[in-house]
Amino acid sequence: MPAPPMESSSNQFRPLDHHYLVEYIKATPALCSHFGNKLDDMKIKEVGDGNLNFVFIVVSPSASLVIKQALPYVRSIGESWPMSKERSYFEAEALREQGRLCPAHVPKVYHYDRNMSLIGMRYLEPPHIILRKGLIAGIEYPLLAEHISEFMARTLFFTSLLSLTTTQHKSSVAKFCGNMELCRLTEQVIFSDPYKVSQHNHWTSPYLDRDAEAVREDNILKLEVAELKSRFCERAQALIHGDLHTGSVMVTRDSTQVIDPEFSFYGPMGFDIGAFIGNLFLAYFAQDGHANHGNDRKLYKEWILKTIVETWSLFDKKFTALWDDSNNSSGEAYLPEIYNNGELQLLVKRKYMKDLLHDTLGFAAAKMIRRIVGVAHVEDFESISDAATRARCEGQALHVAKMIMKERRKFEAITGVVSAIKEFHK
């Protein structure tokens, strides 16, 4: 599966600023033509509030787009933490592949420049906002579970051995193996740092000092996270987004767009599903910190739990429907001449989906833990101004995350997990 040709407008890397970006657009036919060659009234705004990249919104009366540039270091830390800017190549490749498989929920790529580590893509105009910010504001998104389950089902199924031949699969695995530096970053910040003393770890101190120490002293938890790390590093199950949290999804009430797949590689499906569901769990536990006399957020918390159940249930339904469709049966994981009777096929699917649920829950828990006692926290909690209130919300989430990681194999359905959380959070 050869990589598509990559348009290039520059022979060497140069960090963008407003002035140079204008020059760059004028010198790049794919971008210049996007604006109908009308470039005099362009407005540029730098909006990169993430950990890694420059992000610019470019708007003119005729068109708009987003320019994203990967820097050769972790932006939130500085040049003391180098980071390969080649990650933009994998992001562009993932956007194109996921856009091909699920065009309704992935922004279109207009231009990629490998030398400049730069992607030009669709601008998701207002009222699109980052899902995490919508959850903090208490906004309901009635189509969220429908849309995100569609994205996950299609992108994960069609890049797995349920759809691909082993030759196709290994070729794609090989292409994305080069994204090793971001995989290493994930391994460090999710599966290693929270379980040891690390200079990058922090938490709401002094309230959670003992809780952070308890994570580092919990041998059973360490055994579980070691198994999850092994699955993350060793299982090339499908092309995963690699960072599918609520900050990587932009939404309106009727639109859901998945962005920022720079961590993409062939890994365990449950890592994507777990990242999304785990971040919804974090949003749920943060709600008490955003409640006030006018809105106790109780109904909104119910909506979040309902969305979690619907996300998994719809994913399960759509994923298995793709599997059942004979038009998708070219995959070599379960050859029809071997698994050729209805009873055996049903057993295979039940085991596959049960294992996937347990993976999902484990990765969800790992994501929750790292966001409370690791290096990068979430705005859901960080925007709670009172430290004691914030710590109380975080402590509850941490307690539940540890329970889920240790007991995930006991759950037969996502409803059981939600019931356990409701029981804990009475």
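This text walks through a predicted model, from its sheet to its cores and then to some local details.

Start with the sheet. It is open and has 5 strands, in the order β1-β2-β3-β7-β6, with antiparallel pairing. Two strands form its edges: β1, residues 43–46, and β6, residues 109–113. Each of these pairs on one side only. On average, neighbouring strands are turned by 20° against each other, direction ignored. In general, strands of a sheet pair through backbone hydrogen bonds, either parallel or antiparallel.

Now look at β2 and β3. Strand β2 covers residues 53–59, and β3 covers residues 64–70. A hairpin of 4 residues joins them. They pair in the antiparallel sense over 7 bridges. Phenylalanine 56 has isoleucine 67 of β3 as its bridge partner. Isoleucine 57 stands opposite valine 66 in β3. Strand β3 also pairs with β7, again in the antiparallel sense, over 4 bridges. There, lysine 68 has isoleucine 119 of β7 as its bridge partner. Strand β3 is mostly covered, with 6 of its 7 residues buried.

Helix α3, residues 87–101, lies across β2, β3, β6 and β7. It runs at about 155° to β6.

Next come the nonpolar cores. In soluble globular proteins, nonpolar side chains tend to be buried together. Here the largest core has 112 residues. Phe315, Phe319 and Phe381 have the most contacts inside it. Leaving aside residues up to four places away in sequence, phenylalanine 381 touches Leu282, Phe285, Ala286, Ile372, Arg390, Cys393, Glu394 and Ala397. Another core, of 20 residues, lies apart from the largest one. Its members include Tyr20, Ile25, Ala63 and Ile67.

Helix α5, residues 144–157, packs against helix α11, residues 298–324. The angle is about 35°, and the axes are 8 Å apart. The crossing of α5 past α11 is right-handed. Among the residues of α5 in this contact are Ile148, Met152 and Phe157. On the α11 side, Phe315 and Phe319 are among those met.

What about the cysteines? The structure holds 0 disulfides. Cysteine 233 is partly exposed, at 40% relative accessible area. Cysteine 32 is buried, at 11%.

Finally, check the backbone. Most residues other than glycine have a negative phi, and most peptide bonds are trans. A cis peptide bond joins proline 126 and proline 127, with omega about 15°. Proline 127 is found in the loop between β7 and β8. Another cis bond runs from serine 205 to proline 206, with omega near 5°. Proline 206 lies in the loop between α7 and α8.

Two residues other than glycine have a positive phi: asparagine 37, near 60°, and arginine 297, near 65°. Which of these is buried and which is exposed? Asparagine 37 sits in the loop between α2 and β1. It is exposed, with a relative accessible area of 55%. Arginine 297 lies in the loop between α10 and α11. With a relative accessible area of 9%, arginine 297 is buried.

Definitions and conventions
Residues numbered from 1 in each chain as written. Predicted model: local features only at pLDDT ≥ 70, side-chain atom pairs only at ≥ 80, totals over all residues. Heavy atoms only, no water. Core = buried A, V, L, I, M, F, W, Y, C linked by side-chain atoms within 4.5 Å. Buried < 20%, exposed > 50% of the residue type's maximum accessible area, 1.4 Å probe, protein only. Contact = heavy atoms within 4.5 Å. Pairing = 2+ DSSP bridges. Axes fitted to C-alpha atoms, helices over the stretch in contact; angles between N-to-C directions. Disulfide = S-S within 2.5 Å. Left-handed = near helix turned anticlockwise from the far one by under 90°.
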